[in-house]
Amino acid sequence: MSQAGVKKVRYRMGKLERKNTLVAYSFLAPNFIGFAVFTLVPVICAIALSLFEWNGGDISKMKFVGLDNYATIFATKKVAEKGLGYFFTRADLGIALKNTVYYTVITVPMTIVCALALALLLNKIKGAVFFRTVFFFPYVSSMVAICVCWSFMLMKDGPINQLIMALGIDFNKGWTADSTMAIWSIILVSVWRNMGYYMVLYLAALQGIPRELMEAATVDGANKWQQFLHVTLPQLKPTTFFVSVMMVISCFKIYDVVAIMTDGGPGRATKMLVTYIYDEAFVKVRYGQASAISMVLLVIVLLVTIIQFSSEKKFSSD
Amino acid sequence: MKKMLSVLLAAIMMVSLLAVPALAEDQVLTVVTWDATTTPYLIAQKEAFEAANPGIKIEYVDVASQDYAVKTTTMLEGGDTSDVFMIKEIDNLINWQAQGFAAPLADYVSGYDMSGFVGTEVNYAVDGVQYAIPFRSDFWVLFYNKDLFDAAGEAYPTNDMTWDQYAELAKKMTDKEKGIYGTHYHTWLSAVANWAVCDGVNTLADKNYDDLLYFYKLYQDLEDNGACMSYADLKASGLHYSAAFANGNVAMMPMGYWYVSTLIGYNKEGTCNFNWGIVAVPHLEGVAAGSSFGNLTGAMINAKSEQKDLAWKYISWLGGEEGSLATASTGARPAWVSEGVAACMSSVEGFPSDDNSKAALLPAAVSMEWPVAEKVSDIKTIVNEEHSLIMAREITPEEGVQEMNERVAELFE
C-alpha cells in the first residue's frame, strides 16, 4: 500500500464524536484545574525548593545548594563517620522516620482488626443502627475535643490508669508525659477515632457477600469459625486492601493528634515526619530543608503505594 | 414630580460624596498583636495614644498568642500590609529582618532619645541598624502568697535569698495535709533552669549546659519532697501557672513580671482574694542579689506599610515616656526606665504596698532569657527536648545535660 493510501484510512473524529469528547473534557476540567493549581504545581515547587536554601521573604535571597539539604537531614557526614546507628538514634529525620513507621505498623492492623470485629458484631444484631451511629460518632467529632478529652483520661490517676490498676496491674503514669507510653496514647486515640469509619466500609462489604456462599458452606458442614475464615474473609479482601492503602497513607501523614497531645515530646519520643516538617518550615523558617523532608515523605508514601498496588492482584485473585 | 425626585436623588448623591472624605479623615493604623482584648496594657496604650493624637485610630489585629510567631510570619510572607507588628520574642525580629519584612529605622532613630532603654534596644539592632523599638521589658521575680506565710507563722521571702534558702523555705511552707505547696514551677525551661544565665556570664547559647545541673537537682529535690506539683501532672492537666497561683494553695512562684498585672486584675474581679507580694528571684552564692533574666517586647514597622511615618509616630510614642506611662499604669513593666515610670508602676491600684515589693521593681541586673546567636532556634529545640525528658524523669539531670552539650556541639561541627 502506498503512503497516500495510509493517510486516507487515518481515523478522523466525526462532528458528534468531537462534540462529545469536548463535553467530557469540560466535565473533567474543573477537577483537573483544581488538581493542577492546588496539588501539581505546589508539588513541583516543593521539589524545586528542596534544592534551595531559602528562609522566606525576599525571593532574590534564594540560594541554589543542590543536594545539601538532603545531606543535612540525612546527616551524611556523621553517618559516614559513626554508622547507620547514628541516623536512627540521634538524627531528627531518623528518629521521626522510626516513630512514624512504628506508629503505622501498629495502628493499621489494630484499626483493621477493631473495625472488622465491630462490623461482624453489628452486622445482624438488634439495634445495629444505633450502635453503628455510636461507633461512627468519633469520626465526625472535633479532633481537638477528642484529644483534649483523651489527654485527661490518660493522666496520672486518671480513669484509664484507675481501670488498669483495678485489674491488679501496678501502672500509674501520665501517658503523654512518658516517653514509652506517649506514642501509645497517640495510637490509642487514632484507632479509637478511625475504627468507626472503617467499620462502615466493612459493613457495606459484609452486606455484599452473596448468601448462597454461606448456605453452601453450611450445607458442606462448615462451622461459624470456618465460614468466617474461608468465606467471609476472602470475600472481604478487596475492602481490606482498600482500607490498608488508605490507612497506611493517612498514618504516614499523622500530625493533628501529635500536635495536640504531645507536641512531639517528651524529648523526641513522638516526633513524626509531618511534625518535623512543620517545625522546620514554620518554626525555624527553613523552607528548603522542610521541602527536602517532605520529598522523603513523598517517596515513602509512593513506594508503599506501589508495593501495595503491585500485590493487589494477589490479593483479589484467589 | 419625576423631575423633583431626580433632583432630590442627585442632591443626596452630592452630599454623600462630600460626606465620605469627611468621614475618612481619621487615619487608621493597623497593629498586629496578641490577646488584644484581654491584655490590659494594650487597651490602655490604645486609649492614651488616640487621646494624645486626635485623628489617628489604632486598629488591633488579634492573633492567638501561642501561634503568634507562625501566624505572623505567614501573614508577612503573604504580603500583609498591616503597619506595625509587635514582637513577642527577639528571634522573631531577627528572622523577619533576614527575610526583609522589617523596615530599617536608621533614618528615624537618629534624632530619637533611646537612653531610657538602658541598652536593651541593641537586641533589636542588626549590624548596627535599629529595626524595632522595645516597649516592654519583663524580668522574672518571685511571687508569694502573704496569707499563707502569715498562717504558717513564717517570715516573708526577702530580696536577698539564695537558692538554697529558698528551697529550705519552700519545704517549710509545704503542708501536705492542707494541700499547700511550698512553691510552684511552671513546665517551661525558663521557670526551672534558666536561672543559670542570671550571672550575666552564662547564656543558653554558650554550648555548655553544666550550670543547669544545680537547678534541675534543686527542682527534683523539691518535687521529691512534695514541695511542688509534679511535672508529669502539670503537663497532662495543662494547668496554667496563673490559675495554679491564683488557687491560693501555692506559697511561692517564680514567674515573669507580666503576672503582676494579671494578679491585680484577678484581685479586682474576685477570681482570687489574698494578699501577695513580690521579691527578687533568689540568687546563687557569688552572684549579686537581685540579678534576674528577662525578655523584651517591642514593635517594628512592616516594610510593606504605606504609612511608615505614621507608624513611626506610634512606635516611638509607645517606647517613650508617654507610652511607657500608659503601659505602667496597668502594672506592666515598660522598657523605658525613669523615675516617673517607676513611681507610676508602684502606685497602680492593687500593687503590693510593702517596701520589698517596691524594691523588687529595680533589679540589679537583667540578662536576656535567650541571646541573639547563631543557630539559636535549633539550640532552643534541643535544650527544650532534653528539658522535657529530665523533667519527666526519663533521664537523670546529668544525662540530660550531657545530651544538651553533645547535641549542641554537633550543630556546629
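Tutor: A crossing is left-handed if the near helix is turned anticlockwise from the far one by less than a right angle, and right-handed if clockwise. By that rule, α2(A) passes α16(A) in a left-handed crossing. This is a predicted model, where local features need pLDDT of at least 70, side-chain atom pairs count only at pLDDT 80 or more, and totals for chains, interfaces and linings use all residues. Residues are numbered from 1 along each chain as its sequence is written, with chains lettered from A and ligands numbered from 1 in the order in which they are written.

Student: What makes α2(A) and α16(A) roughly perpendicular?

Tutor: Helix α2 (residues 15-49) and helix α16 (residues 287-310) of chain A pack at about 115 degrees, axes 8 Å apart. The angle runs from 0 to 180 degrees between N-to-C directions of lines fitted to C-alpha atoms over the stretch in contact. Under 35 degrees is roughly parallel, over 145 roughly antiparallel, 65 to 115 roughly perpendicular and the rest oblique, so the pair counts as roughly perpendicular. The α2(A) side of the contact is A:A46, A:I47 and A:L49, facing A:Y287, A:G288, A:S291, A:S294 and A:M295 of α16(A); contact here means C-beta atoms, placed from the backbone, within 7 Å. By class that's five nonpolar, three polar and no charged, with Ala, Val, Leu, Ile, Met, Phe, Trp, Tyr, Cys and Pro as nonpolar, Asp, Glu, Lys and Arg as charged, and the others, Gly among them, as polar.

Student: And how do you know whether α6(A) and α13(A) are roughly parallel or antiparallel?

Tutor: Helix α6 (residues 92-124) and helix α13 (residues 237-252) of chain A cross at roughly 150 degrees, their axes coming within 9 Å. That is over 145, and therefore they're roughly antiparallel. Their crossing is right-handed. Contact residues include A:T107, A:V108 and A:T111 of α6(A), and A:V243, A:S244 and A:M247 of α13(A). In this contact there are eight nonpolar, six polar and no charged residues.

Student: Why is A:S190 called buried?

Tutor: Buried takes 20 or more other C-beta atoms within 10 Å of the residue's own, while 12 or fewer is exposed and in between is partly exposed. A:S190 has 23, so it qualifies. A:S190 sits in helix α10 (residues 182-207) of chain A and touches A:T107 and A:V257, leaving aside residues up to four places away in sequence.

Student: How do you know how chain A as a whole compares with a compact globule?

Tutor: The rule is 2.2 Å times the number of residues to the power 0.38, over C-alpha atoms. For 318 residues a compact globule would come out near 20 Å, but chain A has 26 Å. The C-alpha atoms of chain A fill a box of roughly 90 × 70 × 40 Å along the principal axes, and buried residues make up 29% of the chain.

Student: What makes α4(B) largely enclosed?

Tutor: Helix α4 (residues 90-99) of chain B has seven of its ten residues buried, so the rest of the structure largely encloses it. B:L93, B:I94 and B:W96 are among them. The cover includes α3 (68-77) and β6 (132-145) of chain B.

How values were computed:
Helix = DSSP H or I, 4+ residues; strand = E, 2+ residues; numbered from the N terminus. Contact = placed C-beta atoms within 7 Å.
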